[in-house]
Amino acid sequence: MRTKLIYSNIEDSPGYGAGSGDTERYEYECPCGKGKIVEEHDNIPGFRDHDVYISCEECRKKYTLDTSKGVRNWELIEK
């Protein structure tokens, strides 16, 4: 299950000597409506990192994130 996108932001970064890039942040509603699911991407040479996490205690107890298709294609799965 995917939830509704409620916020997105992309910021350019000059990089750290290996070239420029950008950082992306996307926030989605959590199923209970009290928190959010956060997806972050650092697209900077030498600092590439991609992560997604549930920022809600209630939903973290009930759901897990399936990233088997990649971080950008995450799905919430009931435990």
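1. Among the contacts in the protein chain between residues at least 6 apart in sequence, 29% join residues that are at least 24 apart. The model is a predicted one, and the points below should be read with that in mind. Of the 79 residues of the protein chain, 32% count as buried. The accessible surface comes to about 5,100 Å², and 45% of this surface belongs to carbon and sulfur atoms.

2. On the overall layout, the protein chain has one helix and six strands, and from the N terminus on these elements run in the order β-β-β-β-α-β-β. The C-alpha trace of the protein chain spans about 45 × 25 × 20 Å along its principal axes.

3. On aromatic residues, the structure holds one aromatic pair. The ring centres of Tyr-28 and Trp-74 are 5.1 Å apart and the ring planes stand at 80°, so this pair is classed as edge-to-face. Tyr-28 belongs to strand S2 (residues 21-29), whereas Trp-74 is in the loop between strand S5 (63-66) and strand S6 (75-78), and the pair therefore ties together parts that are 46 residues apart in sequence. Both Tyr-28 and Trp-74 are buried.

4. Arg-2 deserves a look together with that pair. The charged end of Arg-2 sits over the ring of Trp-74, at 4.0 Å from the ring centre, and the charged end of Arg-2 also sits over the ring of Tyr-28, at 5.2 Å from the centre of that ring.

5. On the cysteines, how many disulfides does the model contain? The count comes to zero disulfides, and Cys-56 is accordingly in no disulfide, the nearest cysteine sulfur being that of Cys-32, 3.6 Å away. For Cys-59, the closest cysteine sulfur is likewise in Cys-32, and the distance of 3.6 Å is too far for a bond, because a disulfide requires a pair of cysteine sulfur atoms within 2.5 Å. Cys-56 is buried, with a relative accessible area of 7%, and Cys-59 also counts as buried, at 3% relative accessibility.

6. Cys-30 lies in the loop between S2 and S3 and counts as buried, at 4% relative accessibility. Leaving out residues up to four places away in sequence, Cys-30 touches two other cysteines, Cys-56 and Cys-59, along with Gly-35, Lys-36 and Ile-37. Cys-30 and Glu-58 are separated by 28 residues in sequence, while their C-alpha atoms are 9.5 Å apart in space.

7. Gly-35 is found in the loop between S2 and strand S3 (36-43). With residues up to four places away in sequence not counted, Gly-35 touches Cys-30, Ser-55 and Cys-56. From Gly-35 to Glu-57 the separation is 22 residues in sequence and 8.1 Å in space, taken from C-alpha to C-alpha.

8. Is Glu-27 buried or exposed? Glu-27, which lies in strand S2, is buried, with a relative accessible area of 11%. The side chain of Glu-27 makes a polar contact with the side chain of Arg-25 at 2.8 Å, and another with the side chain of Lys-36 at 3.3 Å. Apart from residues up to four places away in sequence, Glu-27 touches Lys-4, Leu-5, Ile-6 and Tyr-7, as well as Lys-36, Ile-37 and Val-38.

9. Glu-24 is also found in strand S2, and Glu-24 is buried, with a relative accessible area of 11%. Which side chains make polar contacts with the side chain of Glu-24? One is that of Tyr-26, at 2.6 Å, and a polar contact of 2.6 Å also joins the side chains of Glu-24 and Asn-43. Leaving aside neighbours within four places in sequence, Glu-24 is in contact with Asn-9 and Ile-10, with Glu-39, Glu-40, His-41 and Asn-43, and with Arg-72.

How values were computed. Residues are numbered from 1 along each chain as its sequence is written. This is a predicted model: local features need pLDDT of at least 70, side-chain atom pairs count only at pLDDT 80 or more; totals for chains, interfaces and linings use all residues. Side-chain values use heavy atoms; hydrogens and water are left out. Rings of Phe, Tyr and Trp (its six-membered ring) pair if their centres lie within 6.5 Å; planes under 30 degrees apart count as stacked, over 60 as edge-to-face and the rest as tilted. Helices (H or I, at least four residues) and strands (E, at least two) are DSSP runs, numbered from the N terminus. Buried means under 20% relative accessible area, exposed over 50%, partly exposed in between (1.4 Å probe, protein chains only). A charge sits over a ring if NZ of Lys or CZ of Arg is within 6 Å of the ring centre and within 35 degrees of the ring normal. A polar contact is a pair of N or O atoms within 3.5 Å; within protein, one must be able to donate a hydrogen and the other to accept it, and residues adjacent in sequence count only if both atoms are side-chain atoms. Contact means heavy atoms within 4.5 Å. Accessible areas come from the Shrake-Rupley method with a 1.4 Å probe; for residues, only the protein chains shown count as cover.
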